[in-house]
Amino acid sequence: MLGTERLQLYLDPARKPAAAEVDAYRALVRRRGAGEPVAHLTGKKEFYGLEFEVTTDVLVPRPETELLVDRARALGGARLLDVGTGSGCVAIACAVRLPEARVTATDVSQAALEVAQRNAERHGVAERIDFRQGDLFAPVDAMDTSARFDLILSNPPYVATGETVETAGKEPDVALFAGPQGTEILERLLDAAPEHLAPGGTLLMEIGEDQAGFVEGRARASFGSVTIHTDLAGLPRMLEASSPP
Ligand SMILES: C[S@@+](CC[C@H](N)C(=O)[O-])C[C@H]1O[C@@H](n2cnc3c(N)ncnc32)[C@H](O)[C@@H]1O
């Protein structure tokens, strides 16, 4: 906000902020007090060691979502698909960490895709990420019906409509809420992912901590192997489901 580095504050401790700077800071404190995420005040958020532009059109990247990137790096793959890319954080972190990979990233929100495109340019991976607007896999199907991916990643909306969320009204509803059950988009992803995976390909999908039983049961019907991964807090937060080789 002062347009300076933290170090400068220590190097010049006698500097008094101007009245306009104090007013601007107070305005930020008020917005934070009203529940606005810090990332919306600063316009940025760190994810997987990279800085991302964040606006009110995208979900603020969450630390638990880094699990998707960790696992993608461990599995590797040449063709990746990120469904519901938002700020682009997952697609871009994967493209940065997997330099051979080509990534397709979809989102229903054109406004989010514009943020994601800028983030990809900022991190020098725009040439390896193809951003497409539309519902789940529809943009991929429109491109090429034979497109198959080694890895499909998704952090989809998985909150039930009406459930209390701290950032409701501050982040886009479309990024948070899936429908009356909360599992509606997870189910659609589980149903459609197998036909978009290459043989031996893997779906990595973030889930709510109370949704593991549901998605695991459902995934067993259509995937060869299914694992639930826990986050650093020990909560079940990611499904890994692979197609037979
Ligand atoms: C929970 S946010 C995740 C954003 C980002 N991947 C992340 O992890 O920070 C879900 C994203 O999915 C998008 N989305 C919601 N419904 C969708 C649909 N039917 N098809 C494609 N994208 C959708 C939202 O616009 C939002 O950007």
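1. Which domains does the domain assignment of the protein give? The answer is domain 1 (1–34) and domain 2 (43–242). These bounds come from an automatic or database domain assignment. The C-alpha centres of domain 1 and domain 2 lie 36 Å apart.

2. A note on the basis. This is a predicted model: local features need pLDDT of at least 70, side-chain atom pairs count only at pLDDT 80 or more, and totals for chains, interfaces and linings use all residues. Residues are numbered from 1 along each chain as its sequence is written.

3. Overall form. The protein has ten helices and eleven strands (DSSP runs numbered from the N terminus: helices are H or I, at least four residues; strands are E, at least two). The radius of gyration, taken over C-alpha atoms, is 19 Å, close to the 18 Å of the globule rule for 245 residues (2.2 Å times the number of residues to the power 0.38), so the protein is as compact as a globular protein of that length. Its C-alpha trace spans about 65 × 40 × 35 Å along the principal axes.

4. Ligand shell. There are 22 residues around the ligand, and Gly84, Gly86, Val108, Asn155 and Ala175 come nearest (a residue is near if its C-beta atom, placed from the backbone, lies within 6 Å). Helix 5 (89–97), strand 4 (102–107) and helix 8 (173–176) each supply at least two shell residues.

5. Helix packing. Helix 4 (residues 66–75) packs on helix 5 at about 30 degrees, with the axes 10 Å apart (axes are lines fitted to C-alpha atoms over the stretch in contact; angles run from 0 to 180 degrees between N-to-C directions). Leu68, Val69, Ala72 and Arg73 of helix 4 meet Val90, Ala93, Cys94 and Arg97 of helix 5 (contact: C-beta atoms, placed from the backbone, within 7 Å).

Methods. Two residues are in contact if their C-beta atoms, placed from the backbone, lie within 7 Å.
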